[in-house]
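Work through the exercises below with the structure in view. Try each task before reading its solution.

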Amino acid sequence: MTDTAKVNLLGLSPEKLIEFFESIGEKKFRATQVMKWIHQKGAESFEEMTDVSKKLRAKLETICEIRAPEIVSQNISTDGTRKWIIRTEGGQNNCVEAVLIPDGDRATLCVSSQVGCSLDCSFCSTGKQGFNRNLTAAEIIGQVWIAIKSFGPMDPSGPRRVTNVVMMGMGEPLMNFEPVVDAMTLMMHDNAYGLSKRRVTLSTSGVVPRIYDLVKRTDVSLAVSLHAPNNALRNELVPINKKYPIEQLLEACQHYLDNLPDKRHITIEYTMMAGVNDQEVHARELSTLLQDLECKINLIPFNPFPNSGYDKPSNNQTRRFQKILADDGYTVTVRTTRGDDIDAACGQLVGDFMDKTRRSQKYIELRQVSE
């Protein structure tokens, strides 16, 4: 068997890891041993797995590998935010970005799910770059593995280096369903990263059918990138709304909450753009729209990027918007911009990849015409 045919154990979910070991004539408890070595101790070779027999280690060395995506660079912001550019399979320029945001005892890792994004939200830098391909489960969980290992040797008995994970980097997670579910399962499994289901969050722009599928497979927390209080405006900002309008999206969100085993809320993500969706009338409309949904609202002042066509709202306008919603009884936070000096802020991730959709070229041509 050649190296190219080796099974990468890094991305196998607990169930698939058990199936693999049974398929090679081994007991299922071997899956637990190997999973702990990879995801809790950061083993990069089978030789490190001292409680696994030499015979099995030799066997695994022949047919398996532990391969994370390649780190191209790591940048650290003045505020402590870390950003990695990570090269994936499929070519020199197939890169994605992952961002770790420290906040006191918490550290939230923003993970990418696609090389680029197949959606075209008008205010997102990633969307303007187009789309290449979906990430594998190993490339997704590999971002968690890389982030934790960046602090030194992994120690399951030590303090958590990553306390929260959000599927909110490059890409629409629900458009890469199976690898994302497998990776999130590893994030929450006791023999892997052991994160609470309340600390693993999937953020979607509104792929409605997949929200119904998601609750059958997992109970992670759900965030929705809403960004507008009505269909007319959301059609402009988030084009998938034309296929799955707000009413269908909120109905799917309610279904998700209703089928969780515990009481939870949806996080509503709302990127505020000056003069576009940040007026008081929008706040009141948003309040009415969400009145029957158990949710909290996260306001995100727009993070500028070249040729976006949008501006960041003033602090006063953001506070007025927040107050209207808070006065109506909502829990409303304003996301603090982090890592903007290394282009790691929300909406700024661009990576480096070959665009199969040619969307980036189309935007360049449009800008040249307008100039």
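**Exercise 1. Which residues of α5 meet which residues of α6?**

Solution. Start with α5: Ala 137, Ile 140, Ile 141 and Val 144 supply its side of the contact. Now turn to α6, where they meet Pro 179, Val 180, Asp 182, Ala 183, Leu 186 and Met 187. Sort the contact residues by type: nine are nonpolar, none is polar and one is charged. The model is predicted. Next, the geometry. Helix α5 spans residues 137-149 and helix α6 spans residues 177-188. Their axes lie 8 Å apart, at an angle of about 35°. The crossing is right-handed.

**Exercise 2. In what order do the ten strands of the open sheet run, and which are the edge strands?**

Solution. Read across the sheet: β3-β4-β5-β6-β9-β10-β11-β12-β13-β14, with mixed pairing. The edges are β3 (70-76) and β14 (332-334), since each pairs on one side only. From one strand to the next, the twist averages 20°. Now take one pair. Strands β4 (residues 82-87) and β5 (residues 95-103) run antiparallel and are joined by six bridges. In one of the pairings, Ile 85 has Glu 97 in β5 as its bridge partner.

**Exercise 3. Is Glu 269 buried or exposed?**

Solution. First locate Glu 269: it is in strand β12 (residues 266-272). Buried means under 20% relative accessible area. Glu 269 has 4% relative accessibility, so it counts as buried. Then list its contacts, leaving aside neighbours within four places in sequence. Among them are Met 168, Leu 226, His 227, Asn 298 and Arg 335. Leu 226 is 43 residues away in sequence, yet the C-alpha atoms of Glu 269 and Leu 226 are 5.8 Å apart.

**Exercise 4. Where in the chain are Lys 149 and Glu 44, the two partners of a salt bridge?**

Solution. Begin with the distance: the closest N and O atoms of Lys 149 and Glu 44 are 3.2 Å apart. Lys 149 is in helix α5, while Glu 44 is in the loop between α2 (29-39) and α3 (54-63), 105 residues apart. Check accessibility next. Lys 149, at 24%, is partly exposed. Glu 44, at 49%, is also partly exposed. Compare another pair: Asp 262 and Arg 264 form a salt bridge at 3.1 Å, N to O. Both of these residues are buried.

Key
Residues numbered from 1 in each chain as written. Predicted model: local features only at pLDDT ≥ 70, side-chain atom pairs only at ≥ 80, totals over all residues. Heavy atoms only, no water. Axes fitted to C-alpha atoms, helices over the stretch in contact; angles between N-to-C directions. Helix = DSSP H or I, 4+ residues; strand = E, 2+ residues; numbered from the N terminus. Left-handed = near helix turned anticlockwise from the far one by under 90°. Contact = heavy atoms within 4.5 Å. Nonpolar A, V, L, I, M, F, W, Y, C, P; charged D, E, K, R; others polar. Buried < 20%, exposed > 50% of the residue type's maximum accessible area, 1.4 Å probe, protein only. Pairing = 2+ DSSP bridges. Salt bridge = Lys/Arg side-chain N within 4 Å of Asp/Glu carboxyl O.
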